[in-house]
Amino acid sequence: MSDGGRGGDILRRLSGSRGHMSKARVETAPDRQGQTPTARDGGIGPRPREIEVTGWKGFRQRHWLGLVGVLNFLVFFVVWQLVQTYTPVVDTQWVPVPTAILKDLWENIANGVLIEQARYSFTNMLVAYLLSVLFGVPLGLIMGVSRMSRMLFGPYIWALYAAPTIAIAPVVILIFGIGAPATILVIAMNAFFPLAINTMDGVATVEENLVRAARVFGANRYQVLRRVVVPYTLPWILTGLRIAVTRALLGMVFVEVFFSPQGLGYLIRQASDVSDAATAYSVILIVVISSVLLVQLFRYLEAKFTPWSQEIQI
Amino acid sequence: MTRDADVDTRSAAGPLSPPVQRVSKDGPRQRFGRLLRSAPGVVLLVVSLVVLIAVWQYAQTRIRAVPPLYLPPPSAIWHALLENFRNGQFQQNIAFSLQNYGVGLAIGASAGVAIGLVTGGIRKVNIILTPYIWALYSTPNIAFQPILIVALGFTPLPKIIMIILGVIFPIIVNTIAGVEKVDGSLLRAARVFGANRLQLYLKVAVPYTVPFIMTGLRLGATRGLLYMYISEIYGSTNGLGYMVLQATHRFQTPTAFAGVVLLVVMSILIVQVLQIVPRFLPHTREAKI
C-alpha cells in the first residue's frame with residue numbers, strides 16, 4: 001500500500017493486519033520463531049509462548065481501546081465545557097456545562113431524590129421484565145414446537161410485535177389509572193413480544209436431524225424439548241432478552257415522562273418544566289448510563305453463554 | 001418435532017419404495033389440522049382476524065365482558081374511524097404527522113447513511129464515534145423530549161428532532177456493520193485492477209453495504225414512526241398522537257383505538273413498501289443477518 005493505509009479501515013485490511021485493534025499485541029518468544037508452524041499460523045504444533053510485556057508499555061498495549069475510550073470521553077466533555085463557557089453555541093440555559101450537570105447530579109444523589117426515583121423506576125421495570133420473560137419464553141417455545149398454536153396465535157403475536165405497542169399506552173393509562181400497575185403493564189407489553197417472537201424463530205431453526213437422533217435414542221417429547229430444543233434456541237432467547245430490555249427501557253421512560261408522578265422520567269419532565277436543564281441532563285445521564293450498562297450486560301451474557309453463535313448480533 | 005407424522009412416513013420410505021398411502025383414520029381434529037396446514041398464510045391471517053373481530057364484537061356488545069368504555073367493540077371503532085374521516089379530523093392530524101415524519105426520515109436516513117459510511121470506512125472515526133452511537137442507540141431517546149419541548153416550543157422542530165433521533169441510529173449501526181463486513185477479497189481484487197482509495201470505497205464498499213442500509217432503513221423507519229407518535233403525545237397541538245391522547249382525555253376510547261389502528265396500518269404499510277420496492281431495484285435486497 002503506497003500511502004500506508006492512512007486512516008482507512010478498508011485499506012488497512014488490505015495489508016492483512018488488524019493493527020492495535022487486537023486486545024494485546026502478543027510477542028512470540030524468540031526461541032519459537034522460525035521453527036515448526038504453530039497453532040497460531042494455522043499449522044499444528046505447540047501454541048506459541050507469550051511474553052508478558054510489563055510496565056507502561058504493556059499496560060498501554062493491553063488496555064489500548066479502554067484508554068482511547070476514556071480519553072475520548074474526557075476530550076468530549078472538556079471541549080463541551082470550554083465551548084459552552086466561552087462561546088456558547090447553544091444557550092447555556094438549554095445545554096448547561098458538564099460541571100453544572102455533575103454538581104446537580106451529586107446534589108440529587110446526596111439528598112436521596114435520585115436514588116429513590118431510580119429505585120421506583122427499576123423496580124417497576126424488573127417486575128415487568130420478569131413477567132414478560134415468564135410468559136414470553138414459554139409461549140415462544142410452545143408456538144415454535146406446536147404448529148397448531150403457531151397457526152392460531154402466530155399472526156397476532158407478529159402483528160403486535162411489528163406494531164408500535166406503546167401507542168396503546170394512553171388507553172392503558174385511562175383504564176388502570178396513573179401508577180405502578182399501568183406502568184408495569186406498558187413495559188411488559190413492550191418487552192413481551194420480541195421475547196416470544198425470537199424464541200419462536202429460534203425453535204424454527206432447530207435441526208430436525210438432532211430431534212430425530214434424540215427420538216431414536218428414546219427421548220420423549222419433554223426430553224426433546226429440554227435437551228435439544230431449548231439449548232439450540234438459547235442464542236435466540238438471549239437475543240430476545242436483550243431486545244426486550246431495550247424495549248422495556250423505552251416503555252419505562254415513556255410512561256414516566258408523560259404519565260407518572262414518580263420515577264426517573266418524571267424527574268426529567270419536572271426539571272424541564274421549570275427550565276432546570278442541569279437537573280434534566282443529570283437524570284438523562286443516569287438513564288443513558290443505566291441503559292448502556294443493561295444492554296452491555298446482555299451482550300456479555302450472550303457472548304458468555306452462547307459463544308458459538310455470535311452471528312445473530314443485530 | 002413439529003411434524004411428527006411426516007417425519008415417520010418419510011423415514012420409512014426408501015427412495016425406490018412406492019409412495020406411502022396415508023391411512024385415513026383421522027378424526028375431525030386431524031382433518032382440521034391438515035386443512036390448517038394446507039392453507040396459505042394470507043388466508044389463515046384473514047380467517048383468524050375475522051374470528052378475532054367477531055369474538056371481540058360479540059363479547060363487547062352482548063356479554064360486555066369489559067366495560068365498553070375501556071374496550072369498545074370493533075363496530076364502534078369503525079364508526080369512530082369513519083366519522084373522523086368525514087369531518088376531516090384524521091386527514092388534518094395525519095397530514096401534520098406525516099409531514100414531520102417525511103422531513104425527519106429524509107434527514108435521518110441521509111445523515112445516518114453518510115455517518116455510517118464514514119464511520120465504518122475510517123478506523124479512527126469509528127473508534128471515536130462508536131461509544132457515542134451505542135450510548136444513544138441503547139438509550140430511550142424520549143428522555144430528551146421534555147427539554148427539547150421546553151427549549152424549542154410547540155413547533156414541529158422538536159418533533160422532527162425526535163424522529164431523526166429515532167431513525168438515525170439503526171441506520172448508522174447497520175451501515176457500519178455493512179462496511180465492516182465488506183469481503184476482503186473483493187477489495188484486493190479491486191486493488192489489483194488499480195482502483196485508488198476513493199474508487200475502492202465507491203465501487204466496492206458502498207454497493208456492498210446497500211443491503212445492510214436497507215435493513216437499517218426498515219428498522220429506522222418503524223422506529224421513526226414510533227417516535228413521531230411519541231413526540232406528539234406531549235407538547236403538541238396536532239398530530240396522530242395528540243389526537244389519541246385528546247380522545248382518551250375525553251373518554252372517547254373508540255376514537256383513541258381508531259387512531260392506534262391507523263398508526264398500526266401506517267407502520268405495516270411502511271414496512272411493506274420498504275420490503276417490496278427494493279425487489280424492483282437492482283442490488284438493494286436486504287441483508288440476511
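Domain bounds here come from an automatic or database domain assignment.

**View 1. The two assigned domains of chain B in this predicted model.** Let's start with chain B, where the assignment gives domain 1 as residues 27-65 and domain 2 as residues 83-280. The C-alpha centres of these two domains of chain B are 35 Å apart.

**View 2. Where chain B meets chain A.** Chain B brings 59 residues to the contact, and chain A brings 55. On the chain B side, several helices each supply at least two residues, among them α2 (28-38), α3 (41-63), α10 (197-233) and α12 (253-280). The residues on this side of chain B divide into 41 nonpolar, 12 polar and six charged.

**View 3. A bent helix, α10 of chain A.** Helix α10 of chain A runs over residues 221-258, 38 residues in total. Its end C-alpha atoms are only 47 Å apart, whereas a straight helix would reach 56 Å at 1.5 Å a residue. Look for the bend of about 50° at Leu234(A), with a proline, Pro235(A), following within four residues. α10(A) is also mostly covered, with 29 of its 38 residues buried.

**View 4. Confidence along chain A.** The mean pLDDT of chain A is 81, and 82% of its residues reach 70 or more. Please read two stretches of chain A with care: pLDDT stays under 50 over residues 1-8 and over residues 13-40. For contacts beyond four places in sequence, the model has 13 for residues 1-8 of chain A and 38 for residues 13-40 of chain A.

Note on methods. Residues are numbered from 1 along each chain as its sequence is written. Chains are lettered from A and ligands numbered from 1 in the order in which they are written. This is a predicted model: local features need pLDDT of at least 70, side-chain atom pairs count only at pLDDT 80 or more; totals for chains, interfaces and linings use all residues. pLDDT is the predictor's confidence in each residue, from 0 to 100. Two residues are in contact if their C-beta atoms, placed from the backbone, lie within 7 Å. Ala, Val, Leu, Ile, Met, Phe, Trp, Tyr, Cys and Pro count as nonpolar, Asp, Glu, Lys and Arg as charged, and the others, Gly among them, as polar. The expected span of a helix is 1.5 Å times one less than its number of residues. The bend at a residue is the angle between axes fitted to the seven residues ending there and the seven starting there. A residue is buried if 20 or more other C-beta atoms lie within 10 Å of its own, exposed if 12 or fewer, and partly exposed in between; C-beta atoms are placed from the backbone.
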